[in-house]
Amino acid sequence: MNRKNSTSQKIALTGLIAALSYVVFTFLQIKIMIPGSESATSIHLGNAVCVLGALLLGGPLGGAGGAVGMTIGDLLDPVYILSAPKTFILKFCIGLVTGCVAHRFGRLSACKDAGTAFKWSLAAAVCGLGFNMVFDPLFGYCYKLVILGRPMAELTLLPDIAATTVNAVTSTIVSVAVYNAVRPALKKAGMLPAVGRSIERGISEHTKSAV
């Protein structure tokens, strides 16, 4: 696959990740209203799509796709509209952390055996969603403290922690399972995108073979 086709493929997949994250977050979530407030938290698999995007496309593109999709979901929901800026930042960061571990350290798209690919995809998902599990409630608390005041920030903190933890565990399982299920088929079809150091490794091996 030439570079132009590879770039077009990545752009198309980024759009697909954005659309999929929007659909999953918007239509497959379990919304939980917090008593005594107009705020809500939710159980959803939008983060799994974000992680999947980062595993396939790298951190910046995967994170951007997930962030755009879920931010649009927030903007179109009156309950979550104030959380849209926070959502964009945090989901983009999930992608960056996941992609960094998967492709900078693990060179995931260049892994030749399924066992190594599984280990690096799991490690990357755990790091990305672990980051979110810590910083989503913390960022959310500070954000609501400024926007809505301390009583509301404290009222929603524990429900946010609980929901974020559940989402992290379920999204880790789903994203790693889906990635390792589709990876062999994409690789066989020549459609598995080369990312980061995997590209450098491929160029190096091609140069050595040419010499």
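## Helices α2 and α3

In this predicted model, helix α2 passes helix α3 in a right-handed crossing. Helix α2 covers residues 46-57, and it packs against α3 at an angle of about 155°, with the two axes 6 Å apart. Since an angle over 145° counts as roughly antiparallel, α2 is roughly antiparallel to α3.

On the side of α2, the contact is made by G46, N47, C50, G53, A54 and L57, while α3 contributes G59, L61, G62, G63, G66 and M70. When the residues of this contact of α2 with α3 are sorted by class, 5 are nonpolar, 7 are polar and none is charged.

## Helices α3 and α4

Helix α3, which spans residues 59-75, also packs against helix α4, which spans residues 84-105, and here the angle is about 160° and the axes are 7 Å apart. That angle makes α3 roughly antiparallel to α4, and α3 passes α4 in a right-handed crossing.

The residues of α3 that make this contact are G59, P60, G63, A64, G66, A67, V68, M70, T71, D74 and L75, and they meet A84, T87, F88, K91, F92, G95, L96 and G99 of α4. By class, the contact of α3 with α4 has 10 nonpolar, 7 polar and 2 charged residues.

## Helices α5 and α6

The contact of α5 with α6 has 17 nonpolar, 9 polar and 6 charged residues.

## Salt bridges

The count of salt bridges in the model comes to 5. One of them joins K31 and D77, whose closest N and O atoms are 2.6 Å apart. Because K31 lies in strand β1 (residues 30-33) and D77 in the loop between α3 and α4, this pair ties together parts that are 46 residues apart in sequence.

## Confidence in the model

For the protein, the mean pLDDT is 89, and 91% of the residues reach 70 or more. Over residues 198-211, however, the pLDDT is below 50, and this stretch has 8 contacts in the model beyond near neighbours in sequence.

Terms used:
Residues are numbered from 1 along each chain as its sequence is written. This is a predicted model: local features need pLDDT of at least 70, side-chain atom pairs count only at pLDDT 80 or more; totals for chains, interfaces and linings use all residues. Side-chain values use heavy atoms; hydrogens and water are left out. Axes are lines fitted to C-alpha atoms, for helices over the stretch in contact, and angles run from 0 to 180 degrees between N-to-C directions. Helices (H or I, at least four residues) and strands (E, at least two) are DSSP runs, numbered from the N terminus. Angles under 35 degrees count as roughly parallel, over 145 as roughly antiparallel, 65 to 115 as roughly perpendicular and the rest as oblique. A crossing is left-handed if the near helix is turned anticlockwise from the far one by less than a right angle, and right-handed if clockwise. Contact means heavy atoms within 4.5 Å. Ala, Val, Leu, Ile, Met, Phe, Trp, Tyr, Cys and Pro count as nonpolar, Asp, Glu, Lys and Arg as charged, and the others, Gly among them, as polar. pLDDT is the predictor's confidence in each residue, from 0 to 100. A salt bridge is a side-chain nitrogen of Lys or Arg within 4 Å of a carboxyl oxygen of Asp or Glu.
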